[in-house]
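This briefing is meant for a reader who is meeting the structure for the first time. Please look over the sequence and the structure shown here before turning to the points that follow.

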Amino acid sequence: MNEGRVTGRDRVDAMIEAWRAELPEAATTQLEIVKRVGRLKARIETVTQAVLAGYGLTYAEFDVLATLRRAGRPYRVKPSTLATRLMLTTGGTSNILQRLLAAGLVEREPDPSDGRSSWVRLTPQGVERAEELSLATTEAHKDLFADVPEETARALADVLRDVLLALGDRPDDTPCRRARPT
């Protein structure tokens with residue numbers, strides 16, 4: 001037995017068992033993955049939203065602040081690039097930016113090299129709030145995963161990366177290649 005591994009049955013095991021009895025073709029590994037990832041996503045969203053609610057922000061607003069903060073100094077990005085990174089429509093991004101502008105967390109500045117374009121930049125208050133929220137959500141996630149052994153968490157992160165790469169998920173500028181056996 002793997003030391004540090006949590007064992008037992010979860011809700012998905014019970015569901016798969018029921019499918020095996022009723023419709024065995026539906027009791028697939030893929031269904032187990034979908035259900036477990038969905039349950040994990042719901043748990044993560046619950047703790048994340050609890051933190052953000054304390055600041056009066058939505059997840060989408062936090063995502064904009066975090067994306068701008070990750071961009072590094074001067075913490076600015078073109079609105080179209082921001083929409084792409086957030087996987088949102090430009091209209092949806094614009095609505096979020098309006099709320100953050102009104103809160104004084106971001107500002108727009110013209111692009112001197114292109115009169116039709118602008119930059120979105122964190123204000124000093126926005127930088128502070130992005131850092132505060134990033135650290136607060138990190139702590140909430142650490143608390144959520146506190147009972148998961150570190151080696152299990154690391155293995156999960158690596159396996160999820162492998163799955164996402166196999167499905168073609170990658171940064172826009174990075175080719176996706178299958179690892180070749182050595």
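What percentage of the 182 residues of the chain count as buried? The share that counts as buried is 24% of the 182 residues. The model is a predicted one, and the chain averages a pLDDT of 90, with 91% of the residues scoring at least 70.

**Confidence**

- Within the chain, the mean confidence is highest in helix H6, which covers residues 124–144 and reaches 97, while strand E3, covering residues 114–122, has the lowest mean, at 87.

**Fold and dimensions**

- The chain is built from seven helices and three strands, and these elements follow one another along the sequence in the pattern α-α-α-β-α-α-β-β-α-α.
- The radius of gyration of the chain is 21 Å, whereas a compact globule of 182 residues would have a value near 16 Å.
- Taken along its principal axes, the C-alpha trace of the chain spans about 65 × 40 × 35 Å.

**Surface and charge**

- The accessible surface of the chain amounts to about 12,900 Å², and carbon and sulfur atoms contribute 54% of that area.
- Positive and negative side chains number 27 each in the chain, and the centres of the two sets lie 4 Å apart.

**The loop between H3 and E1**

- Pro 74 is found in the loop that runs between helix H3 (59–70) and strand E1 (76–77), and the peptide bond leading from Arg 73 to Pro 74 is cis, with omega near 5°.
- Tyr 75 is also placed in the loop between H3 and E1, and this residue has a positive phi of about 60° although it is not a glycine.
- Tyr 75 counts as buried because its relative accessible area is 8%, and the cut-off for buried is under 20%.

**The loop between H4 and H5**

- Met 87 lies in the loop between helix H4 (79–86) and helix H5 (90–102), and its phi is near 60°, which is a positive value in a residue other than glycine.
- Met 87 has a relative accessibility of 74% and therefore counts as exposed, since the cut-off for exposed is over 50%.
- Tyr 75, then, is buried, whereas Met 87 is exposed.

Conventions
Residues numbered from 1 in each chain as written. Predicted model: local features only at pLDDT ≥ 70, side-chain atom pairs only at ≥ 80, totals over all residues. Heavy atoms only, no water. pLDDT = per-residue confidence, 0-100. Helix = DSSP H or I, 4+ residues; strand = E, 2+ residues; numbered from the N terminus. Rg over C-alpha atoms; globule rule 2.2 N^0.38 Å. Buried < 20%, exposed > 50% of the residue type's maximum accessible area, 1.4 Å probe, protein only. Areas by Shrake-Rupley, 256 points an atom, 1.4 Å probe, with all protein chains shown as cover. Lys, Arg positive; Asp, Glu negative; His and termini not counted. Charge placed at Lys NZ, Arg CZ, Asp CG, Glu CD.
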